Amino acid sequence: MIPEAGTGPSRLTPDRLVLALGLAGGLLLVFVTPPFHVPDEPAHFFRAYQIATAATAEPGPGGGIGYRLPASLPQAADLCTAGVAFNPVRHLPPGLLAAAWRLPLAPERRTFLAAGSLTPYTPVPYLAAAAAVAAGRLLAPRPLALLYLARLGNLAAALALSWLAVRIAPAQRWLLALLALTPMAMFERSSASADALTNALPLLLVGCLLSLVLRRAAEPAGRNLSSPPFGRGDPSEPGEGKISAPRPKGGDERSRPAGSAARSSALLVATAFAIAAAKGVYFLLDLLVLLVPRAGCGEGRHARARAVAGLWAGGLAAAAAGAGISVWVTYRFATLGAPRAGVQPEAQLRGVLAAPLRFLGLAAADYAHHLPRYVAGFVGNFGWLDTPLPRPAVVLWGLLLLAAAATGGDPALALAAWQRRLAAAIAAAALLLLSLSQYVTWTPLGAGFVDGLQGRYFLPLAPVAAILFYNRRFAARGMGSPVASAGGPVAATAPGEPGAPAAPAAPAAPATPAVAAWLFGGSSAAFTLLTLLRIWFRYHGA
């Protein structure tokens, strides 16, 4: 017997979609995307190989610092990109990939690569790719084989993090799933780029945060639920409903088991440090740990207060480490990278400090003027940023993300207005820092514009939207929370579990889980297919 549409939750849950479509689409993208045709992939691959072989820096001709790596690596990159990169009307010449595949690694024949030919980031975002390259050197001594292994390593690690983020989130699971399956995120996840892990880590950070900051609140129907994580019992903000936190019979006030909260907290702090070490410019995301509320009154409040203080301390320490790493990476880029005409990072930074309001105006004008281009790059602009998705597809994906954000809350889980305001301030500061990094390191001295900013740089910041757009007013029961749908842990003790009061049957929801599942799942599959076709025809023609 086939149930009527909307009579029950769909088996297509967000975490299952991320795992299935992310794996199938990712594997196809690994091999459909030509070698070295992801932004800066040669520099990322050289860095992964250098880490895998523990090659040390040494002075080269002219006194510059660099590394001695197999000459076949840059040779393969040049062979695959010459005349095709940045030239969208040129396809891959026949036989080019076969010729590149035949190149042997020949590790004994080495050439000096200046440090600026490799990316300046820490080894953290390259751990998966470097591990795959290290293993591959024992099995497949060809440059292209090692590149594909690096791509597969990144895909496995980043997809696992994305799946875990969606799996543990108590709400906004469809939004996190769609962000993980955004065409540009999938494209970079299937490459040797450090962006694969850099994009996945903030998803996990926000998934952990949602399990700690959302608190149980009375539903419009009067459902009686237990208190929030760490026992916060403040009245909710206007429009968010009122807290109803009776002591469950046979238990204490805590809404989630202590072990579960401890695991989420430990994972949150570990993720925060990984974000700080991945790409320093995103270290401000670590300040989101301050959204976890202080312990309220009641039994065990002192233990909960210590737990929250420890969590805050871990997040602040990660942010401080990230600030230091960001300064170090910027210095390495400015001193070791290939200089651009007119770019003077130190003088540019002094100018910003002398006239901060001028820079604020430049950054605001840049976002206002280039917003359509940034949105297009965020959704999907492939190859060397010369193969964008059609504009209607970009608009449609944006609408899907907005729909998921607006309906992905849980009527039983509330978020205070102060938490949303703090998240907005952190996101705004991160956007400003992103603009500052490009203005200092990529824009000519004294220019009245910000150069170098790309839409894909906003992918790590996008998960914050799960907090900014969280609401219960438009929440469709079962879409965002595993309280009403299958799969995933619950942020607070659910009705019917030991230590929680029973709850009446839920009223009809404005949309059904099955409809949401097939809408978001079908759209994601269609966009994955569109991405594959767009890349194939760009490089191989009709």
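Predicted model: local features only at pLDDT ≥ 70, side-chain atom pairs only at ≥ 80, totals over all residues.
Trainee: Where does Phe 36 sit?

Mentor: Phe 36 is in the loop between helix H1 (14-32) and H2.

Trainee: What makes the phi of Phe 36 worth a remark?

Mentor: Phi of Phe 36 is near 70°. That is a positive value in a residue other than glycine. Most residues other than glycine have a negative phi.

Trainee: Which value does phi take at Phe 86?

Mentor: Phi of Phe 86 is near 65°, again a positive value in a residue other than glycine. Phe 86 belongs to the loop between H3 and H4.

Trainee: How do you know whether Phe 86 is buried or exposed?

Mentor: Look at its relative accessible area, which is 59%. Exposed means over 50%. So Phe 86 is exposed.

Trainee: What makes Gly 83 part of this talk about phi?

Mentor: Gly 83 takes a positive phi of about 80°.

Trainee: Which residues make the contact of H2 with H3?

Mentor: H2 brings Pro 42, Phe 45, Phe 46 and Tyr 49. H3 brings Leu 73, Pro 74 and Ala 77. By class, that gives 7 nonpolar, no polar and no charged residues.

Trainee: How do you know whether H6 and H9 are roughly parallel or roughly antiparallel?

Mentor: Use the angle again. H6 and helix H9 (residues 195-213) pack at about 15°, with their axes 8 Å apart. Angles under 35 degrees count as roughly parallel. H6 and H9 are therefore roughly parallel to each other. The crossing of H6 and H9 is left-handed.

Trainee: Which residues meet there?

Mentor: From H6, they include Asn 154, Ala 157, Leu 161 and Ile 168. From H9, they include Ala 196, Leu 204, Gly 207 and Ser 211. The residues of this contact divide into 13 nonpolar, 4 polar and no charged.

Trainee: What makes the pair of Thr 119 and Tyr 126 a polar contact?

Mentor: The two side chains make that contact at 2.4 Å. The limit for a polar contact is 3.5 Å. Leaving aside neighbours within four places in sequence, Thr 119 is in contact with Ala 43, His 44, Arg 47 and Tyr 126.

Trainee: How do you know whether Gly 521 is buried or exposed?

Mentor: Gly 521 has a relative accessible area of 7%. Under 20% means buried. Gly 521 is therefore buried. Gly 521 lies in helix H17 (residues 513-540).

Trainee: Which residues does Gly 521 touch?

Mentor: Not counting residues up to four places away in sequence, Gly 521 touches Leu 12, Leu 17, Trp 174 and Ala 516. Take Val 18 too: Gly 521 and Val 18 are 503 residues apart along the chain, yet their C-alpha atoms are separated by 9.2 Å.

Trainee: What makes Glu 346 buried or exposed?

Mentor: Glu 346 has 60% relative accessibility. Exposed means over 50%. So Glu 346 counts as exposed. Glu 346 is found in helix H12 (residues 345-354).

Trainee: How many helices and strands does the chain have?

Mentor: The chain has 17 helices and 7 strands. Of its 542 residues, 54% are buried.

How values were computed: Residues numbered from 1 in each chain as written. Heavy atoms only, no water. Polar contact = N/O pair within 3.5 Å; in protein donor to acceptor, adjacent residues only side chain to side chain. Contact = heavy atoms within 4.5 Å. Helix = DSSP H or I, 4+ residues; strand = E, 2+ residues; numbered from the N terminus. Nonpolar A, V, L, I, M, F, W, Y, C, P; charged D, E, K, R; others polar. Buried < 20%, exposed > 50% of the residue type's maximum accessible area, 1.4 Å probe, protein only. Axes fitted to C-alpha atoms, helices over the stretch in contact; angles between N-to-C directions. Parallel < 35°, antiparallel > 145°, perpendicular 65-115°, else oblique. Left-handed = near helix turned anticlockwise from the far one by under 90°.
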